[in-house]
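Keep the viewer open as you read.

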Protein chains: 2
Amino acid sequence: MKIKFNDNFDKIPQNYLFSEIARRVDEQKRKNPSKKIISLGIGDVTRPLPKCVSSAMSRAAAQMSTREGFRGYGDTRGLPELLNSVAEYYKKRGVLLSPDEFFISDGAKSDLGNLCDLFDDNEIVICDPVYPVYLDSNLMSNRKIRFLSANRSNNFLPSPQNLPKKPFVIYLCSPNNPTGAVFSRENLQDFVDFALESGSLVIFDAAYESFISDNTLPHSIFEIDGARECAIEVCSFSKMAGFTGVRCGWTAIPHSSPLNKLWCRRQATKFNGASYISQIGALAALSPEGLTENAKNIAYYMENARILADFLTKKGIFYCGGVHAPYLWIEIPHAQSSWDFFDFLLTKTGVIGTPGAGFGRCGEGHFRLSSFADRTDVFEAVERLNDLFNSYKEKNCHFFEKK
Amino acid sequence: MKIKFNDNFDKIPQNYLFSEIARRVDEQKRKNPSKKIISLGIGDVTRPLPKCVSSAMSRAAAQMSTREGFRGYGDTRGLPELLNSVAEYYKKRGVLLSPDEFFISDGAKSDLGNLCDLFDDNEIVICDPVYPVYLDSNLMSNRKIRFLSANRSNNFLPSPQNLPKKPFVIYLCSPNNPTGAVFSRENLQDFVDFALESGSLVIFDAAYESFISDNTLPHSIFEIDGARECAIEVCSFSKMAGFTGVRCGWTAIPHSSPLNKLWCRRQATKFNGASYISQIGALAALSPEGLTENAKNIAYYMENARILADFLTKKGIFYCGGVHAPYLWIEIPHAQSSWDFFDFLLTKTGVIGTPGAGFGRCGEGHFRLSSFADRTDVFEAVERLNDLFNSYKEKNCHFFEKK
């Protein structure tokens, strides 16, 4: 073929981060099939869905074989009842957005990637470390990227204070993937104020908002004054309601933004809606019973996080996160590289985490542990890590402590 | 906001074709709420799903509440069992593609739109009239478009013979939406030969392949010699299995094409798979029972098409399609414009079709009728059209006949 391919793909790693992890894990499984692998790697939920959610989907699926229950193409913005429920979900936290300021999607990843279609060549601001989708999808579009470093000195919460006053597209994720750090109201107000002054847009990824347990911390960018004029928000049922396999999410774009019409046009052309059955499941996930059950699952994961955090604290290993987020971001200053550490941990213990380098330059020297796992696996992972830690401690050659 | 938006959106109509139709229909419903609307407009299936499909999805949904049955993120390419089944589906027609030459999607529209991400500024070749997604998504990417006219003189089957020998991205849809015309093996061989000689890529949309009843007509571009070296294929469960609301489709990209890796990387970054439940439904749709039931539904729609075709023939109205495709493409030479005719028909009879102009310049003077409808509605539509036809015939002022 002599047609021209998008050679910006050369700028991104050959494999998507979690595809590369899956590849290495498969290799290890082939080499050592008897060793049980414990995954604290990819942020994939493990708890079964609440009964009320699976029952609603089961009924919806069955009804698709009836004349009355059959559903074809849905509205571009999504199922009207679900749009209402999402608006109600925001209203409970004092955020007033109307149903037609939301768009139901098949998940946050799709929307975060596809939003690039709406923009010309703005400069992009991304925190480092970062969920790779913001970076990779913008590199595919040949965008110039500016990084805001998140590190121990700023409590993994960068600010816009050193940015020049020019219009950027700024991606923020809070609670953060991968660091688990959470922006305060004041932190987000700084970004909103900067965006308003500079003509920037904030794309706020709220996928982990339901893990926040401190009521003074913002769940949504729209809790911040002025955000309606400069921000949009992407969110998902994946982590909040265990929908990583079901696929449903949403994006909130205020009417006042020209992006509301542009996104509607984009989605009408290149998307045909989330599955009706998934949308019915999402509706059930936002019902009072669904919300209660989801909260129980989140509490379960956060207890996992506490167990991991306790171990790290006991061993004097520095970490961030694990309080309002399912992720613990640990320092591994003695490791050659975070990918080496990944391979080392996988080979020695069968425990999978995510190498920090997969999240950007500032991620090097770090490692992400996810608390999405069965409790027994978390206990076993801690035991295995403890054994490893002790054996290396004895040899005065361990990865975790400061040089 | 001072950030730069993608101003290529100005090049496409403000509303997506079927969104505009929905808007006009809603307006008519408000004006005349008692008049029953009969939709032969948007190509949305109406038959309930086969029981084996809905039962499989219902079970999968219920199992998501169990420890063993719960599923999170799936493989980037899709559910392995489904990839195998799709490969088997092709094998039955003699097309040998391996499971990892397929990618499961949430529908053909998403893939057809998102494929644009893989290319640089190649010139695009599109038939006119055309499914608006090929055109709109390429205009959003600022591509130069060259049209191949499909009209009565070439039996609505354009050929590549007048194209200069340079590399193009060529979109083909057969059976065609909107004209219902079907390419023969020879027609497609011409395109494949041209693509091989010129270094072009053919993107083949096979969404309506299951409506073909003549075994000598090709269902897949990969039935054509040389296609593996120059073509990819997008297909969907939407029309074949009634999945417009369930959302599942696939794209076939041979290993030998560099696009296989590029698409895998694109999908890993900007997509997280079709719903697990939908994929289980798709698997059931490809089972022997599913295929038998789907064939019955397709036969039902094709009987609708025959009824519409009989009426048109009786009245001497020229049309194309309706034999191997659910669409009838009729001539309306006396109408001011196809949108005028749409409004006229909606107001006078409550019957909705799709104005040809919505499919491109060559679509003007034409009107698409869809056979996706209940039988009783088809009979009533024919009756209403007949009354209208007779009343205008008497006044010597009708839309359908040649001037």
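A bit of housekeeping comes before the tour. This is a predicted model, in which local features need pLDDT of at least 70 and side-chain atom pairs count only at pLDDT 80 or more, while totals for chains, interfaces and linings use all residues. Residues are numbered from 1 along each chain as its sequence is written, and chains are lettered from A and ligands numbered from 1 in the order in which they are written.

Start with chain A as a whole. Its secondary structure comes to twelve helices and 13 strands; these are DSSP runs numbered from the N terminus, with helices being H or I of at least four residues and strands E of at least two. The radius of gyration of chain A is 21 Å, close to the 22 Å from the globule rule for 403 residues, so chain A is as compact as a globular protein of that length. (That radius is taken over C-alpha atoms, and the rule is 2.2 Å times the number of residues to the power 0.38.) Along the principal axes, the C-alpha atoms fill a box of roughly 65 × 55 × 55 Å. Of the 403 residues of chain A, 57% count as buried, where buried means 20 or more other C-beta atoms within 10 Å of a residue's own, exposed means 12 or fewer, and partly exposed is in between, with C-beta atoms placed from the backbone.

The contact between them takes 32 residues from domain 1 and 36 residues from domain 2, a contact being two residues whose C-beta atoms, placed from the backbone, lie within 7 Å. On the domain 1 side, the largest share, seven residues, comes from H10(A).

Next, look across to the other chain. The contact takes 71 residues from chain A and 72 residues from chain B. On chain A, helices H2, H4, H5, H8 and H9 each supply at least two residues of the side that touches chain B. By class, that side has 31 nonpolar, 24 polar and 16 charged residues. Here Ala, Val, Leu, Ile, Met, Phe, Trp, Tyr, Cys and Pro count as nonpolar, Asp, Glu, Lys and Arg as charged, and the others, Gly among them, as polar.

Zoom in on helix H3 of chain A. Which of its residues are buried? They are Leu82(A), Leu83(A), Val86(A), Tyr89(A) and Tyr90(A). Seen down the axis of H3(A), they fall within an arc of 115°, so they line one face of the helix; the arc is that of the directions from the helix axis to the C-beta atoms. Their cover includes strands E2 and E8 and helix H9 of chain A. Turned away from that buried side, the opposite face carries the exposed residues Glu88(A) and Lys91(A).

The peptide bond from Asn177(A) to Pro178(A) is cis, with omega near 20°, and Pro178(A) lies in the loop between strand E5 and helix H6. In chain B, the bond from Asn177(B) to Pro178(B) is cis too, with omega near 20°. Asn142(A), though not a glycine, has a positive phi of about 60°; this residue sits in the loop between H5 and strand E4 of chain A and is exposed, with 11 other C-beta atoms within 10 Å.
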